Amino acid sequence: MVIPFSRTKRAAAPWVRTRLRSAPGAALALTLLVAVTACLAAAFPRALERYEDAGLRHSVEQVPHFRSVVTLSAPTPLPNLPQDQREQALRPATVKRQYDSVIGAVRHPFDPDPRQSSYGVTTSVNQEVPEPWLPRPSGLPARVSLVAQAGLADHARLSQGRLPRASAPVTATTPEVEAAVSADTAKSLRIEVGSVLHVPGAGRDALAVRITAIVEPRDRDGAYWATDTLLRTPVLMRVAPVDPESPRYWLGALLLPSEAAPALLGTEGRPYRYWRLAPDPHTLRHRDLGALASALAALTSGPDLQRIRTATDPLTDARTGLDDVLASYSRLHDGVSPLVAVAAFGSGTVAVVVLALAGGLAADRRRTELALLRARGASLAGLAARLLAETAVVAVPAGALGLAVAMRALPGARALPAVLAALAVTLVACTALPLRAAAAHRVVRIPALRQDVTSVRPSRRRTVAELTLVAVAGGAVVTLRRQGTSGGSGDQLISAAPVLVGVIAALLLVRLYPFPLRGLAGPAGRLRGVVSHLALARAGRTSASAVLPLLALLTALTTASFGGSVLAGIGETRDQSAILAVGADARLESTVDPLPAGLAERVRRISGVRDVTAVSIAYQAKPNDGRQAVPVVGADPDGYAELTSRTGLGAFFESVLKTDRRESGAGAVLPAVASPRVADAHGSSPFPVTMEDGSSVTVRIVLVRDSTPAVPGADFLVVDRAGLDATAAEPTTLLVTGPEADGRALRETAGGEVSVRLRADERARYVDSPLQSGVEHLYTAAVAAGAGYAVLALLLSLLRAAPERVALLARLRTMGLTRAQGRRMLVLESLPQAVLAAAGGVLTGWCAILLLAPGVDLTEVALPPSVVPLKQTLLSPDAWSLTVPTLAVMAVTVGIAGVQAWWAGRKGAVRELRAGDTR
């Protein structure tokens with residue numbers, strides 16, 4: 001049997017595998033670019049969300065617990081109710097059941113912390129206890145608050161004795177109950193285990209409270225103990241709090257077991273029930289801010305409160321300061337959001353441009369191949385599909401890798417924004433090459449030998465498209481300038497401001513800058529040598545695709561200039577606020593007695609101290625014998641004038657304060673420097689001022705300044721210390737000059753009676769919220785990423801023109817051009833574009849800053865809400881931020897051109913002179 005021979009046909013090699021094997025370096029570069037870009041794009045929203053959540057938690061945690069805790073309280077049961085029913089309302093089972101009802105009525109996302117939330121019964125009226133052994137600072141008996149708060153055993157450590165308990169059911173007529181006190185209360189009120197305090201009764205004998213335990217809080221700063229600090233810390237109260245001379249008495253808390261709460265009905269304390277809901281900081285999320293505010297509103301004055309009243313008491317009331325805390329954080333977030341948006345939009349635009357340039361570079365490299373495929377019958381859709389497939393094989397895994405790295409590096413944030421960001425990067429990377437190739441090969445034709453404006457002139461469609469884009473961008477800029485940055489539509493315009501200005505500048509500069517270069521090429525042709533003329537002539541032939549690299553550079557420079565100005569403004573605001581609060585690099589002050597003799601000389605000898613200015617400050621001086629006190633500063637004119645000039649706080653010449661020695665005496669009038677408000681109140685006529693020691697001086701305001709180093713407030717008078725009484729002239733404050741002064745040595749030298757404040761410590765305190773520091777870090781990272789992508793865009797644009805430049809050098813070398821001349825020609829050719837990008841970067845950065853300055857208040861970012869600035873700090877251009885990035889771009893451009901010329905000079909010319917090469 002003969003088996004017929006059959007020839008098997010080998011399958012054609014797959015397109016994607018063939019293309020990847022033919023250019024592995026390009027595939028690897030695209031993989032790296034997409035992976036890094038996707039990682040940065042996915043990391044940005046996750047990092048921002050983490051900073052926002054941390055800022056919200058910090059805002060809630062930093063305020064006292066009595067502000068962040070939601071407190072619900074029900075009054076004393078009505079007296080007309082049966083006594084057993086009133087007692088039953090205060091028993092722990094009833095209060096616990098009502099607490100569970102309160103927890104059930106709370107809406108998500110306000111999730112109370114069960115470990116720190118509390119409930120119980122306490123008295124609303126503090127009662128005097130007659131025990132003579134209790135301390136009486138002013139002869140007044142001590143007072144106590146009776147508190148029956150549940151969970152004492154879980155939140156306290158037993159220091160002495162045993163925890164209080166109720167061995168039998170307690171009623172309003174029970175003669176004696178047990179209680180515990182905190183260690184601080186026991187120490188201050190001299191209470192010991194076994195002590196008995198008698199609380200006056202209401203229509204009955206005094207209630208005896210026997211102390212059986214002294215306890216220490218397990219979490220002293222937790223909401224259980226710190227919502228009402230009286231539970232752990234006694235207070236030395238005054239009868240009239242506003243009068244510093246008012247008599248004082250001690251106030252402490254007696255901690256009863258929750259079973260003893262009915263006994264409070266037998267006292268004059270008017271007991272009430274309370275339920276305190278402490279927010280759990282770990283459950284707070286910025287994305288839930290609106291829902292959290294709604295939940296609080298419903299709980300404190302809405303339908304949830306009505307349900308709670310049904311379950312507890314019709315008169316149950318709710319109060320909290322958490323809504324104010326959330327509003328303060330919301331204002332801070334609104335202040336920093338435009339800055340984050342500008343950074344994200346600017347850096348994102350540059351990254352997209354780089355991905356587009358990478359696709360364009362690949363399309364230009366394969367221009368002949370793709371034109372041949374079109375000439376052989378390949379359809380435009382089929383060609384684009386093949387290019388999409390080969391790009392997706394590389395870009396999709398790279399995008400997934402970048403997303404995985406971002407998710408792994410920044411846990412604890414939502415996945416959807418990161419996934420969408422990485423997906424957008426991957427989509428742009430996949431479609432850049434197919435779209436560019438489809439646009440270039442829409443019509444089957446022979447590839448153009450040259451791609452500059454001499455052979456590929458902009459079409460009418462492109463001109464119309466560019467004019468439309470410029471008109472739209474210009475209209476958006478004008479709208480933003482007129483309407484400001486407030487409002488919903490303004491947020492998007494704020495984000496796009498650097499890009500809008502960059503689009504306008506890029507399109508205009510690309511169209512306009514060849515004309516002056518061509519004008520300079522003529523005079524350069526009359527010079528000796530052909531290098532200058534040839535370089536200018538080539539630079540004047542703008543490539544048809546030069547808009548994208550210039551847009552990337554201008555956007556990156558604008559974002560960097562804006563960001564640098566923002567960061568410089570933040571630093572300047574903090575420096576100004578710190579120097580205004582301290583008055584110098586260090587401040588040593590005694591508010592009660594004059595400073596010790598010789599302290600100024602000892603401070604002057606400390607390492608790092610350059611100068612010491614001694615002043616006397618009378619904070620309670622009263623002009624015209626009135627009731628309104630105005631701080632009066634007595635200073636030496638020479639030293640204090642130099643200090644004002646050095647700090648920039650109300651500078652003046654020393655001659656302003658100096659008095660004529662011949663006119664000095666009891667009736668002499670002292671010239672004074674005053675604040676605007678004091679000057680408006682007293683005018684320029686002489687008026688008397690009564691000092692704290694009872695002496696009197698007559699002053700006349702000769703100069704008005706907004707601030708002065710010695711007094712941080714808005715009211716002050718500064719006079720010559722030599723004209724004051726001897727007692728009033730004794731120094732109370734030392735203002736130390738010296739940024740490197742040793743803080744520890746200053747505190748050791750000053751001693752415990754003199755307070756020491758450092759400007760560096762004050763400035764460090766201003767970085768209050770993680771949101772503030774996070775925004776600074778994000779903006780710095782975004783600017784750095786944008787700068788890196790801008791350099792990459794510049795490199796891609798030069799690589800795009802590299803084959804043509806190398807071929808040109810090879811041909812010119814056959815005509816006698818030396819290697820040095822070739823390198824000089826390439827550098828000179830790239831220099832006009834670098835100058836163009838630098839000038840455009842300065843212009844666009846300056847325009848963007850002036851555009852956004854009226855709506856950007858740096859005070860919200862620079863200072864915490866607790867610091868009240870004297871004036872609003874607006875954004876202003878920073879010279880270094882405008883010039884340094886532009887000079888860096890020029891240096892990088894010239895450096896890359898020089899390296900390219902050096903490398904081209906090392907290569908042989910044989911390969912570049914092949915017949916039929918279209919470069």
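## Salt bridges and selected residues in a predicted model

Arg-307 and Asp-304 form a salt bridge, with their closest N and O atoms 2.1 Å apart; a salt bridge is a side-chain nitrogen of Lys or Arg within 4 Å of a carboxyl oxygen of Asp or Glu. This is a predicted model, in which local features need pLDDT of at least 70, side-chain atom pairs count only at pLDDT 80 or more, and totals for chains, interfaces and linings use all residues. Residues are numbered from 1 along each chain as its sequence is written, and side-chain values use heavy atoms, leaving out hydrogens and water.

Arg-307 and Asp-304 are three residues apart in helix α10 (residues 303-311), so about one helical turn separates them. Helices (H or I, at least four residues) and strands (E, at least two) are DSSP runs, numbered from the N terminus. Asp-304 is buried, with a relative accessible area of 0%, whereas Arg-307 is partly exposed at 44%. Buried means under 20% relative accessible area, exposed over 50%, and partly exposed in between (1.4 Å probe, protein chains only).

The whole structure holds 28 salt bridges. The table lists pairs including the one above.

| Pair | Closest N to O distance |
|---|---|
| Arg-307 and Asp-304 | 2.1 Å |
| Glu-87 and Arg-91 | 3.7 Å |

Both Glu-87 and Arg-91 are buried. Arg-220 is partly exposed at 33% relative accessible area, and Asp-184 is partly exposed at 27%. Elsewhere, a network of salt bridges links Glu-601, Arg-604, Asp-611, Glu-642 and Arg-646.

Which charged residue is buried yet has no salt bridge? Asp-53 is that residue, and the nearest side chain of opposite charge, Arg-285, is 4.2 Å away; here Lys and Arg count as positive and Asp and Glu as negative, while His and the chain ends are not counted. Asp-53 lies in helix α2, and its side chain reaches the backbone nitrogen of His-286 at 2.7 Å. Leaving aside residues up to four places away in sequence, Asp-53 touches Leu-284, Arg-285 and His-286 (contact means heavy atoms within 4.5 Å).

Val-36 is also found in helix α2 (residues 24-62) and is partly exposed at 40% relative accessibility.

Technical notes
Polar contact = N/O pair within 3.5 Å; in protein donor to acceptor, adjacent residues only side chain to side chain.
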